[in-house]
Each structure stands twice: as structure tokens, then as C-alpha cells.
Amino acid sequence: MKLSRWLRHLFIPRHSNNHKARILHPASLTIIVALFLVGQFALNYYALVSPSVLGFASNITPEKVIELTNQKRAEKGLSPLKASSLLSEVAQRKAGDMFAFNYWAHNSPSGRDPWSFFQEVGYKYIYAGENLARDFMNSESVVEAWMNSPSHRENLLNPNYKEIGLAVVNGTLNGVETTLVVQSFGTPTPEPSTAPRTVLRKPSLGEATAIAANLETAIIQASASSATIPSMLSPFLLTKTISVFVLGLIFGALLIDAVFVWRRRIVRLSGKNIAHLVFIGALLLAAIITKQGVIL
């Protein structure tokens with residue numbers, strides 16, 4: 001009974017709250033905003049000191065991004081891109097360089113451009129390109145963001161590219177735990193026609209058995225590694241959820257207050273419920289539709 005009385009006092013205009021929902025009083029709103037700011041500060045601080053628990057976690061995989069990229073190309077009648085281990089190494093080194101030198105750009109503060117990583121791994125090309133993304137939750141959202149950007153879309157659908165490499169790397173950038181996605185495109189220079197022929201030798205039974213054993217061991221190790229990836233909470237999603245909850249609470253209180261004021265013909269010297277409803281409603285809508293992720 002006490003709880004229901006307290007809730008009515010909090011949300012419904014009545015004599016106990018001077019005919020204005022208690023949650024809408026300036027003192028109450030100040031406390032709500034202060035608690036939100038303190039909570040956000042604590043969230044950001046905890047994300048720094050305990051990144052293994054509260055950090056950025058995503059479900060992005062290189063294989064899925066390549067698959068989705070080739071799907072987009074197929075829709076336009078383009079040939080699929082072949083996965084290249086060299087281009088994946090290019091992407092891996094670029095991601096590592098961004099974390100190492102703490103930057104988010106195509107060119108490194110040290111003066112290195114994207115093409116230096118191609119040269120570093122010995123990938124000789126006639127065409128090359130690069131797409132970057134960070135802070136996305138899944139592979140689909142990354143590819144859709146690139147497709148919605150003219151310059152990135154041009155890379156994905158460029159008919160001159162023949163190969164692709166991907167790197168998805170977690171780390172700390174500018175003090176924030178994040179996931180970087182680097183997509184490298186290329187078309188290698190043709191091999192000289194005078195290149196010596198490679199003679200293939202059929203492996204012996206013992207060699208074949210050893211290869212199979214090594215492959216099985218690698219698969220087991222990869223499975224064990226993926227099974228031990230810790231589940232993490234995203235600060236962005238937590239902040240978004242709390243923001244939507246708080247704004248929804250205030251919007252609901254304003255709506256209830258407006259209905260009671262209209263029905264009971266309560267006269268106030270101050271307060272414009274309609275204007276407040278529109279303002280809080282706009283903030284609530286913005287919080288709901290806000291998406292995570294940046295491309296470059």
C-alpha cells in the first residue's frame with residue numbers, strides 16, 4: 001500500500017506533491033541528471049580498469065564480412081573476391097599499427113600510408129584499396145554502413161579488385177576498448193610467363209598422416225581458443241539502455257501529468273507540458289535510433 005501511494009506521489013499530480021508529479025519537480029530532475037552523470041563516469045572508469053568484464057564485444061568475423069561483401073557484389077553481377085592471406089596480413093598490420101600509435105585514420109602519424117603495409121608483406125598490386133570500421137556489433141552492420149557510404153561502396157563494388165583480406169582486432173584506442181575492422185582490397189600484378197614450373201610431389205603415407213594430425217590439432221586449438229573468449233558488456237549498450245529508460249520515465253511522467261492537468265483543469269502559473277513533451281520525446285527518439293559504429 002505504501003509503495004502504491006509513493007508511486008502516485010511520484011507520477012500523478014495530487015495535493016501531496018502540489019498538483020505536479022514529484023518526478024517533474026526541479027529538485028527531482030536535478031537528482032536524476034546527477035545520478036546519470038555519476039553512473040556514466042563510473043561506467044567509463046570501470047571499462048578502463050576492468051576491460052575483460054566491461055568493454056567492447058562484437059560478433060564480427062572476417063569470414064562473415066567477406067561472405068557479405070561477395071553477396072553485395074553478386075547482387076550487382078560482379079565476380080566474387082578471393083580471400084588472400086597476404087591481404088589479411090596487410091589488414092592485421094594496419095590494425096596493429098593503429099592500436100600501437102593510438103590513431104584512427106588511413107594514414108599513420110608516423111607518416112605511413114596504407115600502401116606501405118602492402119609493400120611490407122610483399123604484395124605487389126596494380127589496384128589496391130582499404131575500408132576501415134570500428135565499434136560495430138556484428139558483421140552485417142559493418143557491411144551495411146560501408147554500402148551506405150559512396151566511397152566505401154565504391155571499394156566494395158569495384159570490378160578491378162580480385163582479392164580481399166580482413167582483420168578484426170580488439171584493443172584499446174584513445175583509452176576506450178574497441179574493435180577495429182580493416183578491409184584490404186587488391187589485384188596482384190600478373191606473374192611473369194617465364195616463371196619456373198613447380199613440380200608437385202605426391203606425399204608419402206607417413207607425410208600424409210602427419211599433415212592430417214597437424215590439421216586436426218590446429219582445429220582443436222582454434223575451437224578451444226574461440227570457446228575461451230570472455231563475454232563482455234558493451235558500455236555503449238549500457239549507456240543507451242539507461243538513457244532510454246530515464247528519458248522514457250520522464251516522458252511518461254510528463255504525459256500522465258498533461259492528461260491529469262487537462263482533465264482536472266489544473267491551473268499553473270508556469271510549465272509548458274506540450275513543449276516539454278516534444279523536447280523529451282525528440283531526445284528519447286534520438287536515443288532509441290542511435291547506432292554504434294564509425295567508418296573511415
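How many helices and strands does the protein have? This predicted model contains 10 helices and 5 strands.

**Figure 1. Overall view of the predicted model.** Of the 296 residues of the protein, 35% count as buried. Among contacts between residues at least 6 apart in sequence, 72% connect residues at least 24 apart.

**Figure 2. Helix α4, residues 85-101.** The helix comprises 17 residues, which at 1.5 Å a residue should span 24 Å; the C-alpha atoms at its ends are 24 Å apart, in agreement with that expectation. N102 follows α4 and has a positive phi, near 55°.

**Figure 3. The buried residues of α4 and their packing partners.** The buried residues are L87, V90, A91, K94, A95, D97, M98 and F99. In an α-helix, residues three or four places apart point the same way, because each turn takes 3.6 residues. The buried residues of α4 pack against α5 (114-120) and against the strands β2 (125-134), β3 (163-173) and β4 (176-188).

**Figure 4. Strand β3 and its pairing with β1 and β4.** Of the 11 residues of β3, 8 are buried, leaving the strand mostly covered. Strand β1 (residues 82-83) pairs with β3 in the parallel sense over 2 bridges, and A83 stands opposite I164 in β3. The pairing of β3 with β4 is antiparallel and extends over 11 bridges; here E163 stands opposite G186 in β4.

**Figure 5. The hairpin of β3 and β4.** Two residues lie between the strands, and N174 adopts a positive phi near 55°.

Conventions. Residues are numbered from 1 along each chain as its sequence is written. This is a predicted model: local features need pLDDT of at least 70, side-chain atom pairs count only at pLDDT 80 or more; totals for chains, interfaces and linings use all residues. Side-chain values use heavy atoms; hydrogens and water are left out. Helices (H or I, at least four residues) and strands (E, at least two) are DSSP runs, numbered from the N terminus. The expected span of a helix is 1.5 Å times one less than its number of residues. Buried means under 20% relative accessible area, exposed over 50%, partly exposed in between (1.4 Å probe, protein chains only). Contact means heavy atoms within 4.5 Å. Two strands pair if DSSP finds at least two bridges between them.
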